[in-house]
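User: Hi, I have just opened this one and would like a walk through it. Could you take me around?

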Amino acid sequence: MEEIVSLCKRRGFVFQSSEIYGGINGFWDFGPLGVELRNNVKRFWWQTMVDLRDDVVGVDTSIIAHPQTWEASGHLSSFSDPMVDCKECKKRFRADQLPEGTTDKCPECGGELTEPRAFNLMFKTFVGAKEDSSSEAYLRPETCQSIFTQFKNVVTTSRQKVPFGIAQIGKSFRNEITPRNFIFRSREFEQMEMEFFIKPEKAIQNEWYEYWHKERLNWYKRLGIRSEHLHMRDHEEDELAHYASACVDVEYDFPFGRSELEGIANRGNYDLSQHIEHSKKDLSYFNQADNEKFVPAVIETSAGCDRTLLAVICDAYQKDEVGGEERIVMRFAPHIAPVKIGILPLSKKLAEPAKKLENDLRKRFKTDYDDAGSIGKRYRRQDEIGTPLCLTYDFDSETDNQVTIRHRDTTKQERVAIDQVKNYIQDVLDASQDS
Ligand code: ATP
C-alpha cells in the first residue's frame with residue numbers, strides 16, 4: 001500500500017488535501033492524472049448504467065436538501081456509528097472496528113476505553129445568515145434520497161414506466177470517526193448510485209436483485225479489475241440496514257484486506273413510503289395498462305467512486321522486468337487509462353511534425369507529449385502512469401508517413417501509417433472495453 005500511495009503522489013494521481021497546512025484528515029485532492037482516471041471511471045459507469053440502457057435515466061441533485069429529507073429517511077435518528085474514546089491518550093475509535101479481542105483497552109496505548117456511544121455521521125451546517133436550529137441543514141450522506149424525493153417529477157417528465165431506474169453520480173459527506181486506508185474511507189467522497197423501481201411483488205424483487213448482481217460484477221471486470229480479486233458477499237441478517245430486506249456487497253482484495261466497493265440492496269418501498277408519510281405527497285405510481293396503483297419497491301446499486309478508483313489503481317500496479325531492468329507498470333484497461341497515447345519524437349528536431357500529429361490526435365484522445373531524455377526513459381515514465389500506447393515519430397516518418405507504436409503490456413512495436421493512427425488507437429480502446 002505504501003508503494004501505491006507514494007506512486008499516486010509522485011505521478012500526480014492523489015494529493016493530501018491542504019498539504020501545505022499539514023493536511024486535513026479524511027479529505028483528498030486529485031491531481032492531473034487522478035482527475036482523468038476518475039472521470040473515465042465515472043464516464044464508464046454512466047455509459048453502462050444510463051447511456052446504453054433505455055430503462056435508466058439520470059439526475060443531478062443538490063448536496064443540501066430540505067432537512068426533513070433526513071428525518072424521513074431515518075438518517076437523523078439512526079445514521080451513526082458506535083464511538084469509543086481512550087481515557088488516557090484521548091484517541092477515538094469505532095467500537096465495531098477495534099482489533100479482534102479488544103473491547104475495553106485502547107489499541108494504541110492500552111488505556112481504558114469509554115462505553116460506546118452513538119455518533120451521527122452527518123455534517124451539519126446553517127443555511128442563510130441565522131445560525132439557529134431553524135436554519136440547520138445537512139450535507140447529504142448519500143446521493144439516493146433526492147432520487148426518491150424527485151421520483152414523481154422524473155416519472156411525469158421522462159415517459160419511463162416501471163420497471164425503470166434513476167441514476168446519479170455525486171459527492172457525499174460522512175463525518176467518519178476514523179477515516180483510513182488512503183482514499184478508501186474519507187469524509188468527502190463520490191458515489192455512483194442507481195435506484196431501480198419495480199413492482200413490489202417478492203418474485204419480481206428477487207429476479208431484479210439477482211439481475212443487478214450480475215450486471216454490477218460484470219462492470220467491475222470490464223473496468224479491468226481481475227475477477228479473482230472480486231467477491232460477492234451476502235449480508236447476514238443482523239448486518240442489514242434498517243430499510244433493506246437483502247443486501248450483497250461487491251468486495252475487492254485490497255492490500256489492507258478484502259473490503260466493500262459497492263452495496264446492492266433490496267430496499268423494498270421503505271424510502272418512498274417514508275417520504276409519502278413525511279411530505280404528505282402522493283409518490284405512488286399509476287400503471288395505466290393494468291389500471292393499478294402502487295408504491296414501487298427498489299433495488300439499489302450503490303458504488304463508491306473513490307473506492308473503485310483505489311481498486312483500479314491497486315489492481316493495475318505491477319512490477320516486471322524489461323530488458324533486464326525492473327519497471328513499474330500500471331496496467332490500466334486502455335479505455336480507462338488517464339493518458340491514451342504518449343507522443344515521443346525521436347529527436348527535438350522533429351518537434352514540429354510530432355506536435356502537429358499530437359494536436360490532431362488530441363481532438364479524440366488524451367495525449368501526453370514527452371521529448372525529455374532517452375526513449376527508454378520516456379517509455380518507463382509512460383509505463384508508470386499506465387499509458388497503453390506510445391507513438392514514436394522518427395526521421396523515417398518524414399518520408400514513409402509511418403510512426404512506431406509501442407504497446408505498454410507486451411512492449412511490442414509496430415509500424416503504422418499516420419493516417420491510420422486514430423483507427424488503431426480506437427480499436428485498442430474498444431477491444432479493452434468489450435473484453
Ligand atoms: P462502510 O461499511 O465501509 O462504512 P457503508 O456500508 O456504510 O460502508 P454504504 O452506505 O452502503 O456504505 O455506501 C455505499 C458506497 O459508498 C460504499 O460501498 C462505498 O463504496 C461508498 N462509501 C461509503 N462511505 C464511504 C467513505 N467514507 N469513503 C469512501 N467511500 C464511501
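This is a predicted model: local features need pLDDT of at least 70, side-chain atom pairs count only at pLDDT 80 or more; totals for chains, interfaces and linings use all residues.

User: Okay, ligand first: which residues come nearest to the ligand?

Analyst: There are 15 residues around the ligand, and those that come nearest are Glu176, Arg185, Ser186, Glu260 and Leu261.

User: And which side chains have an N or O atom by an oxygen atom of the ligand?

Analyst: The side chain of Glu260 places an N or O atom 2.6 Å from an oxygen atom of the ligand, and for the side chain of Arg307 the distance to a ligand oxygen atom is 3.1 Å. On the nitrogen side, an N or O atom in the side chain of Glu176 is 2.8 Å from a nitrogen atom of the ligand.

User: How much of the ligand does the protein bury?

Analyst: Taken alone, the ligand exposes 590 Å², and 83% of that is buried by the protein.

User: Which strands supply the shell around it?

Analyst: Strands S10 (188-198), S13 (257-268) and S16 (297-304) each supply at least two residues of the shell around the ligand, with the largest share, 4 residues, coming from S13. By type, the shell holds 4 nonpolar, 5 polar and 6 charged residues.

User: Switching to helices: how do H2 and H7 cross?

Analyst: Helix H2, residues 32-51, and helix H7, residues 202-222, have axes that come within 11 Å and cross at roughly 145°, and the crossing is right-handed.

User: Which residues meet there?

Analyst: From H2, the residues are Val41, Phe44, Trp45, Thr48 and Met49, and they meet Trp212, Arg216, Trp219 and Arg222 of H7. The residues of this contact between H2 and H7 divide into 6 nonpolar, 1 polar and 2 charged.

Definitions and conventions:
Residues are numbered from 1 along each chain as its sequence is written. Side-chain values use heavy atoms; hydrogens and water are left out. A residue is near a molecule or strand if one of its heavy atoms lies within 4 Å of it. A polar contact is a pair of N or O atoms within 3.5 Å; within protein, one must be able to donate a hydrogen and the other to accept it, and residues adjacent in sequence count only if both atoms are side-chain atoms. Accessible areas come from the Shrake-Rupley method with a 1.4 Å probe; for residues, only the protein chains shown count as cover. Ala, Val, Leu, Ile, Met, Phe, Trp, Tyr, Cys and Pro count as nonpolar, Asp, Glu, Lys and Arg as charged, and the others, Gly among them, as polar. Axes are lines fitted to C-alpha atoms, for helices over the stretch in contact, and angles run from 0 to 180 degrees between N-to-C directions. A crossing is left-handed if the near helix is turned anticlockwise from the far one by less than a right angle, and right-handed if clockwise. Contact means heavy atoms within 4.5 Å.
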